[in-house]
Amino acid sequence: MDLSIALNATGVVRQDDAEARAGWHSERKDEGGRHDRIGGSMSLCAAASKTQCEPGLERAGLSILWIVLAIGLSVLGSALANQSAAPPEAIDLGAYSPEARAAARERLKTTQVAVFAGGRHGFIRGERVSLDPDDWRTEAIMFKRKVLVPERFALSAFGLKRLPWFGLGVTEKKGLIAVADLAAREKKEVFTDERGLVIVTDEPLTLSDSQLIDSIITLFDTPEKFADPQIAYRNLPSLKAWGKFVNQIKVTDEQFALFEGPETRWRWMPQKAYDYTGLRAQELNSPVPEAGVHPRVLFSPEDVPIISSRIRSSVTGAKSLLDMQFLLGQSFLDPNTSDGEIFRRLAAGNVKDLVLNGDTFERQEPGIFHSDVAYLPNCLTSMALYCLLLNDDDLGRQTASAISHYYALVEPEIDGINDKPEVYRHHWRDVRAAVGYMDLGMAYDFSAKWMTEEQKVLMRRVIAKAVAGRRGYGQNGVARMRDNSWVTKELTIFLANLALEGEEGFDPEVHDAGVETVRAFLQWGIDRHGLPHECNGTSGAGLEFQLLSMVALARRSDNMLGHPHWRRMMEAQIQCTSPDGTIVASRGTGEGGPLSRQIVSAFKVFYPADKHADFLLGRSVPLRDFDAETYRRRLPANPGRMRLPGPTVPGLTNNLLYDADGHGATRAALELPLDFSDPIQGMFSSRSDDGPEALWINMQARPDLYLGGGPLHHDAGSFYLQAHGVTWGRDGLSPSDGASKNHSVILIDGKGQDGDLGEMPVKVQYLGAALSDDGAVATADLKYAYDYVWTTRIESWDQPHAKAYEWEIETDPDVVKIFKGTQNYRINFYRPPLSNPWFPTLRAPFNPVRYAFRSAALVRGAHPYVVLVDDIRKDDESHLYEWQMIGGFQAVALPGLGAEDLVLSTRPGAGAAAGNPMLLIREVGPSVCKLQSSLEGQRTVISTEAVDPRFRIVMIPFRWGQALPQTVVDTASGAAELRWSDQADQLLFEIGSDERTRLRVLRDEEEILRSK
């Protein structure tokens, strides 16, 4: 593919014709005979006992980065399609074709050693050998223009026991030595390519075929990385389809340089920080049985009676078992049903004319509600666990036989997937649908005790074919990016592989990648205050598999259940839960719901004294009051949306394995602070007291975003407001609506923080919170949310959001730090792997403002209230500013209200009765504002036409019949005084040189609260 890229005088990348190529992008030769290969041929330099080719290596990294990024932002042509759609033999893969790679392997058989900078393995006499058998992550490095590898590998490659006495002159660094230097000392021929390839031979080697050279380099690819991404972009149809770079973004060479160099080294939580206080370790301490004995992943055979007893001793667990008995009795255990007929035939091995149709068979009518899971694998896996817990050997043998015969039918589909060229075979996503990825490992582990040896062999073979050499989502990227629900959902590959532990087919690299991912998610998927990076509704889809992986590792002396981020998760959930318990402030798609009950229940199992889990689980029926027969009789004749309980269903039903009851706990009994501030996610939560009718304000302004995508909303600075059990203000209209126009933010001339074209929200600055006994105030700088929109989701430059904006690279230091040096990774955030090239987060100017600050304060006292201060200004012109609080209520007229007062009621004025909850909204800022609430429009709006509106809004909950405070505003100073008969507070608004208003609250002439 001919890539025509050049720089104009300003350093901005622009389109140029092929014949007009210039500068560093043109094909060039230097004094060493090197070629910068962009579509042309590349020659290797023979340098017997010399290394004159290697100086160019230090420049190759930057060149590759420039080209990668340019291609990554090129046009996605109509040829972009799912690479698995065409049969492998119909795809022209060039250097990646099976034939080309076979020729490359054959060529290496005549060489002594071959290594590549960045590679994790080398070739000795054509055999692929790990550079470091003890650490699969060890890579060859570039140092002083030379490729260095571990000394042990180098000595083995040359058949040496130690460096020769004449080893002086062999470049070394921390146990690594230069291959070319050692080869020169051994009088070998050395061939190098400036991209980092070093080949050592006994005889002179001539390589003039550029595709052969590329194919040799591709042999150093790993499931995580390309050795040289440019080869992939030149040869893979899905990447070639992006075509030429056509001036889609503005970028300077200085901006490109920000991403050059090695990837960022991140610090991991030290083991000494883990907290195991109160851990119930009984189910973690039994020895993992010898190889071939199952169950083994989550528990051992001797644990089964203990687990069964624990489950039966809880009301939740007893109900789960009864639910399973009921649902299975109406489906798989009833031969007169479609499920029952399929189960009978699978168990008997009568599968001759059964035709798979996804995760069921043709003409099968599933009898159990089953969205979000693979039906047959999930049901059979839960059945196997059910048989273990009930010690039902007869049904267990039938289930085991059904599982093995099901996967025997699946095996040809796996073979078909594996017949694709190797470059397409590294991703769990390719095979997960075929194997029922949530259940594959547990299906074998729970049922293996009843399988024949032939059935075990089949299951091991199927699992090995599915997992070998593959990586789950995020595992083909840097550890820092493993912070989302897809990462945890695809820990299922780790669990499937672990089911083969000690047996044929177990892949140690899949295991190590999984361990790293479990740890990485704890590090970055949950912050140090216990908040998941994504909202509860999204996180719940994967937290179950994070939990199972942690349990499995804890049994293998890698106990992460004490990780401080994990330990604080329950407390953080409570701090973000509304006083009446109906809302969990967890923003994004699927927001607002409680954390998965499976996870909370597991906390209770492993930390039985954790009162936070008790609070979240609520008070359960005491076991002595639970009557199983009564419960069974009340189960519906038509189960409707009842799900089959089980540990491999992601957060949608009871776990069964870790079911537990809550014993109830009041918030007051937990002795938690009334205020919560998480600067990592910019989450602020404050309440007037611990009671269910407390006044509560919650605001979020996220400074931790780095990716232009994800299940996020354009709601920087939005808030919840609750009092007297009424949610007066909420973050947005619905969890599925991400538009800022439908969130509690300010619109400017009807425009907010997005344009409804598929843009993504940006990070903003959380300036911190000031906390005191009498209240709390948090402040955020929201300017960036108006100034820019983000994306990493450009599948085609014909997409509306791609064409609508002038995109440029996001240069925020935190974003650069995460993307720096990641150009070789295969990770793709949204499309199937290898569908579009690497590029970092992009930004585009959107709705620029001069400043935009929001401060949210809650003041406690006999009459608690909230103050929201918004400093926002677009420019020097007058604009319509609309302050929004989502949540429509009836506005009622009361005596004594001013022009800028609004009273909301849960009932119309005529229907209001004594004690009815009400909310007074009083605007005390300098601009003349119009206040209105729309029940139909589901919002309260305070609007003004102004240059610099300075919203200062006081919200005071009260009940019908209570006196309202008198408010006095000093027009000269802007101070406001709130006076009740038993409370008088003065609000001082002091504007700083940065145009941000600092709030001070005085009571009885003493300061009780001040903004940071």
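A crossing of two helices counts as left-handed if the near helix is turned anticlockwise from the far one by less than a right angle. Keep that in mind for the first view of this predicted model.

**View 1. Helix α13 meets helix α16.** Here we look at α13, residues 393-418, alongside α16, residues 453-467. Their axes come within 9 Å and cross at roughly 35 degrees, and the crossing is left-handed. On the α13 side, the residues in contact include Ser401, His405, Tyr407, Glu411 and Asn418. Among their partners in α16 are Gln455, Met459, Arg461 and Lys465. Sort the residues of this contact by type and you get 8 nonpolar, 5 polar and 4 charged.

View 2. Is glutamine 475 buried or exposed? Its relative accessible area is 1%, so glutamine 475 is buried, the cut-off being under 20%. Leaving aside residues up to four places away in sequence, glutamine 475 touches Glu224, Arg482, Glu490, Leu491, Ile493, Ala513, Gly514 and Thr517.

**View 3. Inside the second largest pocket.** Helices α19 (508-525) and α29 (813-819) each give at least two residues to the lining. The largest share, 3 residues, comes from α29. By type, the lining splits into 10 nonpolar, 4 polar and 8 charged residues.

How values were computed
Residues numbered from 1 in each chain as written. Predicted model: local features only at pLDDT ≥ 70, side-chain atom pairs only at ≥ 80, totals over all residues. Heavy atoms only, no water. Axes fitted to C-alpha atoms, helices over the stretch in contact; angles between N-to-C directions. Helix = DSSP H or I, 4+ residues; strand = E, 2+ residues; numbered from the N terminus. Contact = heavy atoms within 4.5 Å. Nonpolar A, V, L, I, M, F, W, Y, C, P; charged D, E, K, R; others polar. Buried < 20%, exposed > 50% of the residue type's maximum accessible area, 1.4 Å probe, protein only.
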